[in-house]
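Have the sequence and the model side by side.

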Amino acid sequence: MIPSRQYHQHNQHLQHSHSQSHSQSHSHSHNQSHGNSHHHHQQQGANQFSIDKLIQINNQLSSMIKIQQIDSKNLNLQLKKLKLKNIDSNLFEISYKNSNLINNEIFYKNYNTLKGHFNKILSCSWHPNNQNILSCSQDGYLIMWDAITGMKLKIIQSDDPYVTSSDISPNGKLIAIGGLANNCYVYSNTSNNTNNNNNGKLISIFKGHKEYISDLSFVNNESIITCSGDKTCNLWDLNKGKQIQKFYGHVGDVLNLSINPINENTFITCSSDGYANLWDIRLNSKNFTRNFKISSDCDSSVIQFFPDGNSFNCGLDNGLIKLIDLRSDGELAIYPISRVNAYMKQKRIQPTQGYTYYSNLYNPFEEITGNNITNNTENLNGLGIGNNNNSTTATNNNISLSSRNNSIKGSPTFLQNSNSFKLSPRSSIIQTMENTGVLSIDNSKSGRLLFASYSEFNEIIIWDTLNGKILGTLNGHTDNISNVKVSNDGLSIVTASRDNTLKIWSV
C-alpha cells in the first residue's frame, strides 16, 4: 500500500509530466507543420523558377531556329541566283539555231503483238539477249516471251497477286518482282526448258518494307534495290539473303528509281514529295548525296537516267517531263503536256497499216520561244476548255464522254472525227484535260529520242530531246500504256498496256 501523501505527490508528478509532454508534443507538431509549409513554399518557388527557365530557353531556341531558317532561305536564294547566272541557255534554244540539220520524220512499225494475259499488264523487262521479254500482269502470272516469234517460253505463277515492278538480272539468270505484298520475290531463270525443275523456282523472299514496293532494279548479279511507299529504299544482297543497307531521305512515297547506266554505285529516286534524290551505295551514310526539287505542287512519278549517266528525265503527274543535268544542277529542257495536246490536234495521215506518218509536225517554237520556254500554262482553248469567257467548260452539260467508243460528244469536230485523241474507257473529260500524268518514260540508246506514255492517252509520244519537237507516236493499244522499255541494243521497243497485250516496235 502507498501512503496517501506519497500517492498525492506521485499523482501530481504524473500530471506535470503529462502536461510537459503534451506541451512539447504540441510545440514539436507546430514546428514540424511550420517547417513543412515553408518547405512547400520553397518547392513551389523552385518549380516556378524551373518553368520560367524552360520558357526562357524555349523562346531562345525558337528565336535561334527562326534566325537559322531565315539564313537558310537567304542562302538558297543566293544559290539560285548563282545557278541562274550559269544557266545562259537550254537545249531548245541551242538546237533551234541548227534546226535545218534535224530530221523531222520518225517511222516505227508494230512487228508483233503478244497476247496471253487475262488482266492488265503493269510491268515488262527486256532480257539481256534483246530477244526475250518478261511481262507481269494482275492475272497473277509472269510470262517470258520470244519477241520475234511471239511464243511463250515460260509461265510462272506469281507469289504477289498485284505486281507493280519487275526486272531481270544482267546475266539473265534471275527474275525479281515486287508489288502490294510489300515483299521482293526472286525467281530462277536458268533455262527456257519447261521441264527443268529449277525453271521459275522461287529462291528468295526479301521482307523489310512496311508498305508496297513501287519499283525495283538489279544493281548487278548479286544485289537488288527496291523502293517503297514507306518512304525508304533497301539494298538487298542475293548471296547473303538479307538487307545490307537502308536509305532514308524522302518524306513521301518513293515511286520510281533508276540505276546509273555508267556507274552502278549510284542511283536516283523520285517521290510524291516532289523531289528527286541521288544516292551512292558506297557511302555508309543512309542519307542522299544530292537532291533536286522537281515540283512543289505535284508528285514526281517516274524517273530515268539519261544514257550518258550525267542527267536524268523526271515525269510528273501534271504531265510535265523535265530533263535535269547533274553537272550544272539545273534544268536543261522541259517537255510540257500542252505540246502533246496541241500535237493531238494535228491531222494524221496513215498510208499503210502499222506505220504512222505526220505531215505537219508540231513545232514548239510556234507556241513558246526564248526565255518563255518554261511557261507551262495549260490553256486548252482549242479543245473547248480554257480560261477565256467564250470557251466551253468541262462542267457544261453539252460535253459528255461515251465510254463505248471513246468519242466526245459536243466536242470540236477534230476530236469527233480523228483517232488522234483516244481516251481510256474509264477516263473522264475532266481528267483528260486537267489531270494528265506521265506513266512511263525511256530513252533511245543515243538519248536523242524520249518515249513517254501518259495516263489519258493510249499512245506513246516520241519526243526529240534536243529541240522539244514531237516526232510521232506509237499507236495501236486500246488502253493506257503502263510501261515502255527500249531494248539494250536500242533496236526494239516494247510497250505493256492495260489492254492485256504487249507490242513490239522497231524501225
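A contact here means heavy atoms within 4.5 Å. The model is a predicted one. Take the contacts in the protein with a separation of 6 or more: 49% of them join residues 24 or more positions apart. The protein has 507 residues, and 46% of them count as buried. Its accessible surface comes to about 26500 Å². Carbon and sulfur atoms hold 47% of that surface. As for secondary structure, there are five helices and 30 strands.

Now pick out one of the strands, β15, residues 266–271. How many of its six residues are buried? Six of the six are, so the strand is mostly covered, with buried meaning under 20% relative accessible area. Look at the directions of the side chains next. In a regular strand the side chains alternate between the two faces of the sheet. In β15, Thr266, Ile268 and Cys270 point one way. Phe267, Thr269 and Ser271 point the other way. Residues of both sets are buried.

Which strands pair with β15? One is β14, residues 254–259. β14 and β15 are antiparallel and share five bridges. A hairpin of six residues leads from β14 to β15. Another partner is β16, residues 275–280. β16 also runs antiparallel to β15, and five bridges join the two. The hairpin between β15 and β16 has three residues between the strands. In that hairpin, Gly274 has a positive phi near 85°.

Ile268 ties this picture together. Ser258 stands opposite Ile268, and the bridge partner of Ile268 in β16 is Leu278. Ile268 itself is buried.

Ser158 sits between β5 (152–157) and β6 (163–168). Is Ser158 buried or exposed? Its relative accessible area is 12%. The cut-off for buried is under 20%, so Ser158 counts as buried.

What does Ser158 touch? Leaving aside residues up to four places away in sequence, Ser158 touches Gly140, Tyr141, Leu142, Val163, Ile177 and Tyr187. Of these, Val163 belongs to the range given for β6. There is also a polar atom pair to inspect. A polar atom of the Ser158 side chain lies 2.6 Å from the backbone oxygen of Asp160. That distance is within the 3.5 Å used for a polar contact.

Conventions
Residues numbered from 1 in each chain as written. Predicted model: local features only at pLDDT ≥ 70, side-chain atom pairs only at ≥ 80, totals over all residues. Heavy atoms only, no water. Helix = DSSP H or I, 4+ residues; strand = E, 2+ residues; numbered from the N terminus. Buried < 20%, exposed > 50% of the residue type's maximum accessible area, 1.4 Å probe, protein only. Polar contact = N/O pair within 3.5 Å; in protein donor to acceptor, adjacent residues only side chain to side chain. Pairing = 2+ DSSP bridges. Areas by Shrake-Rupley, 256 points an atom, 1.4 Å probe, with all protein chains shown as cover.
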